[in-house]
Structures are given as structure tokens and as C-alpha cells.
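My notes follow in the order I made them.

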Amino acid sequence: MANQNQNQNNNQKKQREDFSLKETTPNINAGRVISGDRLPTSFDLVEQMQFLFARVVRAKDLPGTGNSNTCNPFVEVKLGSFIGTTKVFEKTSNPEWNQVFAFSKERIHEQVLQIIVKEKDAGAFIGHVTFTISDIPMRVPPDSPLAPQWYKLEGQNGAKLDQGELMVSVWMGTQADEGFPDAWHTDATSTSVENIAYTSSKVYISPRLWYLRVNVIQAQDLLLKNKTGNNEIFIQGVIGNLALRSRPMKINPNPIWNEDLMFVVAEPFDDSLLLSIEQGQGNSNKHESLGSCVIHLKDVERRIGATPTASVWYNLEKPKELEGGEEVKFSTRLNFRISLDGGYHVLDEATHYSSDLRPSSKYLNKPSIGVLELGILNAVGLSPMKKDRTDAYCVAKYGPKWVRTRTIADSFSPRWNEQYTWEVYDPCTVITIVVFDNGHLHGGANAGGGKNADVGVDKRIGKVRIRLSTLESDRIYTHFYPLINLHTQGARKMGEIQLAVRFSCPSLLNVLQTYAQPLLPKMHYVCPLSMFQLDSLRNQAAVITIMRFKRAEPPLSKEVVEFMLDIGANVWSMRRGRAQFYRIASLLSGLVSLVKRFEEIRSWKNTAITIGVYIIFLFILFKPGVILLATFSFLLLKGMWQYRISGANLQKRYDRLRGISGRLLAVMGDLATQGERVESLISWRDPRATVLFLIFCFIAVIVTYFVSVRFLIFISVTYVLRPPRCRFDLPAFPQNFLRRMPAKSDSML
């Protein structure tokens, strides 16, 4: 009974939650004439925030303290109750910090800024420099940075010291200042010094990835160690920690495979490929090498077309067991065809919400068609992720560029007001924005298990995806987007984030041309990869990105990258299965309503409608040529009507089973996506595509009026049955156009 009441309460709470998109009017400068005391800024999609900046560069000739007469100095930058601290230098009188501190103007309640030099032991006072807030100059980019100056240290009584100087610069600025991203902020006052790097905003560039194709052809003159028993041989390729194997073959001195091993590798190709031929039992993981060779990736031929590279014979090195001892004539060779395929796009995201579709080789890249600008303003109503607190930051990804905002510590309504820009090469792409809770601010980097198992893990709060093709050119969209996360009780709203988005394209013609082009590069259609290969390669790409970002400062954690790329989303989930079922049911609802309407007509519920439908049927029966004309006319009028109303509307076995079920789920999702793309042709969700489709319908109305239906059918059937030599490897224009249509898959969690 108690469980029933709890479930009812959860359902009522879920019904009360508002998951809608809310349009907002933030106080931003975009599109305004700025005058008076409003300073112009390139950050026109965010609200301007004033900061007091203090850069502590270095000190010289600091006096020693204690019996050893040595100095272990650090600096405190103090403004009222806010205190920022530099790192400590051991045994030096001339330390160099070069650290920036930023104090939000709205939190300034003092009249004096103090910069105090202290001794590490017992925090002994060495000297200080003070600045009156009203005398600090204003600086606005693109002005050059303010030059730091040497200041004589003063004692506690205000008198100048005989020894010791400090080089600092102090100025008033905004979040557009170049010192802002690396600065210590008052928003992170409770953060320990060693973890302060985890609070700063950064831009990350993911590595340029390539597919490495190893075509295993055959081997000759194998020196087999054991020719009896259930022995098999296979080829193994190893790059870093990843090992791939070919299919096993029965014992044979000259086996033939003709099989591809596909790897993902990153520029600048510093790794090496280890290829070996292995012999082992058929049902055992134990195997031993019959010979190996090492190939440096920098020496591998790069190709951008479908023409295969030349095959090469590689002489294998003796295994260690054969080196020394008795003399053995070793002449085993392997025949491979190895290439770096730059004509593919390395898919690290799912295709239907990918943010970049360009090929790996930069020689195949086309010029950009526009610019995407994103203003991350603020969030409201965030749920507590730790005990009574949330330390929120945002990560946004579009193409190879990832951005991370600064962390606002201990706030359920953080204000970031940070703006970022990306070049756009295809409008049918998606930008992903995720809000995370920072788990590294309070000893998280060194936390272990036990009660602190969640410390050091950045928990996700919610995700937002925006498809660029649904945005009008040069229009600014400002909305509160719901942050939805999945819990054991179901989907739950974790708060809202306010974003400002603008997609600018100088040439509308260049944007419209992309709708006629294939969604993926040509190599994906000329030499297609299987779904199993794509899944494996996508996981490889994610691992490389995780390892690269792990070495950045501050690092992007594994859980952040995996959630941004939706790794593991292709396994079975009851929630996803239910959502895909509802998507298909929504598509079939039109057919169900049509059947119901036909039943009403057949039962003569409305005599006038039944007679009218029968007259139309007789007209079509004796004038079949008007079928196409009527169809395209209906679509044209329907699209125009929609424009008028568009603004109002066991572990391994278990994992294997989930994987198989996940593929079934993917098929269901693909079926629903195709139907939703057809629906979106006249829904005005992608206004450019709908305009193109209506133009096509208008032309089709004219053509079908003057041209015989028999002739159109003759042309269509002749085109479909044309000889293979007259066909192209790339998909036809209607397929390219339909694949670019938006679908509800963008909203799947």
C-alpha cells in the first residue's frame, strides 16, 4: 500500500513538471544600437558582467624570515570576505606566479583591494600592496592588456619596506577579457588550491581521426609449432591497448583470409601497428606467436578515393622461442594491403545527431557555409547533486570543438554568461549542450571508494540538443530549455538552462545546395562499412578522445565524454523501447484515423460527405490522370496551411542479449525516424527544406497537368530498371534530401 501511494505521488509530481520550451527576453546587446555608458562588446548573446581583475606576476628581493633567513612566499588577493591564494614557492626570494584573480562587481562591497605577500610557515606577513576600488581603470577588448607595474611592499603600518617589490596589474573588465578563462573566480571560493584548475573555462579540440584499414590477404611458408590437435591460426593486429583478430583458419602452411581489420587512429600518427600470426586452440584464449612485424603509421600510405593501395609482402621476425638454439630457416611472409582512409568521416556520434560530417582528409573539406554562435546565460532551479549543493558547469560540443564553462560553486541558479562560436559546414547537424555537476572541487581527484565513491565523478544534470536546420538565418533564439535526466522512477526535470543561439549564413544558395548532397562523404557509399564495424569503430574513436582529453588541463573526465557522445546507447532499454513504440504508433495514428473516417463514410453518418466522396471516387475512376495532380496539389496546400499554424503546435549473456535487443531497438528507431522525416516535409520544422519541397510540389502540379500519367510511369520504371553501368554509387537526390529532414530522434534521452 505504501509503495502504491509512493508511485501515485511520483506520477502526480511528474505530471506537475513542466517540460516545455519557454521563450525568454534576456538583457543582451544583440541587434541593439549601443550608446551612453553601454560599452560595445563582441559578446552580444550574453548579459554583460563586470569583474575586477588582478594579475599577480612576480616578486623580487623578498626578505627572509625565521632562523634560516629563507623565504617560502605566496600571495593572498583579498577583497572583503573573498580571498584568492596563489601557489607556494619554496626557498626563493624571486618567485613568479603569473596568476589572474577575478571578483564579480556585484559582490564587491569593500572600497580597498589588498594584495598580501605571506610566508608559508604560520602564514607570516611579509608585506602588501593596496588599491582603492574607485581608482582602478576600465579596460575593454580589443584594447591591449594593461601593463603590470612594480610596487614597493608596505608594512602593516603603511610604511614602505626597504626590501621587497611586487609586480601586479589591476583593472575592471568583462567576461570578454582574455584573462577571464584562466582566472580564479569568486564563484569558486570554497575550492582547494590544488583543484582550482577544475573550475576554469576551456576550449578543447578533439584529435583528427582516420580509419586504418588492414586488408589481410594471405600468408606463406608458415613455420607451425604443433600440427596436431584442434589448432587454428589467425592474424592479430595491435595498436596501443587495442587488439583485433581475423577469423581463425584451420592449420595450413599457406592460408588465405582476404579480410579487413579496421582501426581508428589519430594524427600525428605516432603509434605503430604490430601484426603477428598466432596459433592456438580453437576454444581457448591461449595462443603463441609464429612471427610478427612492426609498421610505423607515419609510413602508411594515405588514400582519399576508392582505389585500393598496392599489396605488400612483409617478412616476419622470428618469435623469441626460435631465436638462439638450433638453426631454423625462417622465411614466413604475410601479404597485406594497408592504408589510412581519409575519404571517410570517423563517426564518433550517432549519424542522426552528428555535429560534423566532414571527411578525415582536409584536402576533401569544403568551405564553411556559416557561423553558429551560442550564448550560455544561466540555469535556474537545479536539483542538489551533492548534499545540499550543486557545483554546475556546462559542456557544449559541435564538430571537433568542445567548450567547457567555468564552474559556479554551490549555486542552484548559476550565471555563466559565456559565448562561443563555431564554423558550420552542414546545416543538417546538431549541437549538444550538457550541464554537469563538478565532482573534483573538494578532494575529488584523490578520492577513493567507500562513502566517497561518487566524489571525483562529474554527474550529469541534463542534456539539450539543437538541430541547426530548424533555425532561421540570422535570427536570435533565446529560450529556457528543460534539463531532463533519467532516474529509477523515470524521467525527471533537473532544472532549466537559458541559451541564446544564432545561426548566420552569408549565402542562402550555399545552404540550399547541401540538401542535394549526400549526408556522408562519398566513401561511405562507394566502400560501405557494416553496422558491426561502425559500432566497433565508434567505440574506438570514443576511447581515443577520452585518452586525449584526459591529458588536458583541466581534463574532461571519461563520464563526460561518454555521455556527450552517447556511448552505450545502442543496448536494450525498456524506456527506449517504449518510446520507439510510441513514435511508431504516432505515425500509424493517421492511418487509424483514416480507417475510422472511412467507416463513418461507409455507414452514412453524414449523407452529404458520403455522396461527395462517392462523386470524387467516380471522377478519379474515369479520370485517373488527375491522381498525381490532386496529390501534389493537396501537399502544396497542406504545406501552406501548416505555415500559417506552425507557431502554435548472466553478465556476458545478459550483455549479449541487450546488444541484440539494442539492434532491434535501433531498427524500430530507424523505422520511426523515416516516417517522421516524411512528416517533417510539410511541418516547417526545417523551413528551408519545406520551402524546397513546396516548390517541387508546385512544379509537379504543373508537370502532371500537362504530361500524361502513362508517360511519367514509363519514365519512372525505365529509370529504376536502367543498366548498372548507367547507375551511380551515390544515393539519389530524393534520398539525400529525406535523410536531412529532422526527426524526434533528436529528443531521445
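**Entry 1: strand E13**

I noted at the start that this is a predicted model. I began with strand E13, which covers residues 231-239. Is E13 mostly covered or mostly open? I found it mostly covered, with nine of its nine residues buried.

Next I sorted the residues by direction. Asn 231, Ile 233, Ile 235, Gly 237 and Ile 239 point one way. Glu 232, Phe 234, Gln 236 and Val 238 point the other way. I reminded myself that side chains in a regular strand alternate between the two faces of the sheet.

Then I looked up the partners of E13. It pairs with strand E15 (residues 249-250) in the antiparallel sense, over two bridges. There I found Ile 233 opposite Met 249. E13 also pairs with strand E14 (residues 242-245), again antiparallel, over four bridges. Which residue of E14 is the bridge partner of Gln 236? I wrote down Arg 245.

**Entry 2: strand E26**

I moved on to strand E26, residues 430-437. Eight of its eight residues are buried. I listed Val 430, Thr 432, Val 434 and Phe 436 on one side. Ile 431, Ile 433, Val 435 and Asp 437 are on the other. Both faces are covered.

Which strands pair with E26? Strand E23 (residues 392-398) pairs with E26 over six bridges, in the antiparallel sense. Tyr 393 stands opposite Phe 436 there. Strand E27 (residues 459-467) is joined to E26 by eight bridges, and these two also run antiparallel.

**Entry 3: an open sheet**

I traced a sheet of five strands. Its order is E1-E28-E29-E22-E25, the sheet is open, and the pairing is antiparallel. Which strands are at the edges? They are E1 (22-23) and E25 (415-424), and each pairs on one side only. E1 meets strand E28 (residues 476-487) over two bridges. I found that Lys 22 has Phe 480 as its bridge partner in E28.

**Entry 4: aromatic rings**

I counted next. How many aromatic pairs does the structure hold? The count is 16. Phe 89 and Trp 97 gave me my example, with ring centres 6.1 Å apart and planes at 70 degrees. Why do I call this pair edge-to-face? I do so because the planes are over 60 degrees apart, at 70 degrees. I then looked at cover. Phe 89 is partly exposed, because its relative accessible area of 23% is not under the 20% cut-off for buried. Trp 97 has 5%, so it counts as buried.

Phe 103 and Trp 184 came next. Their ring centres are 5.8 Å apart and their planes stand at 65 degrees, so this pair is edge-to-face too.

**Entry 5: charges over rings**

I looked for arginines over rings. Arg 302 lies over the face of Trp 210, at 5.8 Å from the ring centre. The charged end of Arg 358 sits over the ring of Tyr 425, 4.0 Å from its centre.

**Entry 6: surface and one cysteine**

I turned to the surface and found a nonpolar patch. Its residues are Val 691, Ile 695, Phe 698, Ile 699, Ile 702, Val 703, Tyr 705 and Phe 706. Together they have about 800 Å² of accessible area. I picked out Ile 702, which is in helix H10 (residues 687-706). At 39% relative accessibility, Ile 702 counts as partly exposed.

My last stop was Cys 293, in strand E18 (residues 287-296). Is Cys 293 buried or exposed? Its relative accessible area is 6%, so it is buried. Cys 293 and Arg 333 are 40 residues apart along the chain, and their C-alpha atoms are separated by 9.7 Å.

How values were computed:
Residues are numbered from 1 along each chain as its sequence is written. This is a predicted model: local features need pLDDT of at least 70, side-chain atom pairs count only at pLDDT 80 or more; totals for chains, interfaces and linings use all residues. Side-chain values use heavy atoms; hydrogens and water are left out. Buried means under 20% relative accessible area, exposed over 50%, partly exposed in between (1.4 Å probe, protein chains only). Two strands pair if DSSP finds at least two bridges between them. Rings of Phe, Tyr and Trp (its six-membered ring) pair if their centres lie within 6.5 Å; planes under 30 degrees apart count as stacked, over 60 as edge-to-face and the rest as tilted. A charge sits over a ring if NZ of Lys or CZ of Arg is within 6 Å of the ring centre and within 35 degrees of the ring normal. Patches are made of residues with over 30% relative accessible area and no salt bridge: like charges are joined within 9 Å, nonpolar side chains (Val, Leu, Ile, Met, Phe, Trp, Tyr) within 5 Å. Accessible areas come from the Shrake-Rupley method with a 1.4 Å probe; for residues, only the protein chains shown count as cover. A salt bridge is a side-chain nitrogen of Lys or Arg within 4 Å of a carboxyl oxygen of Asp or Glu.
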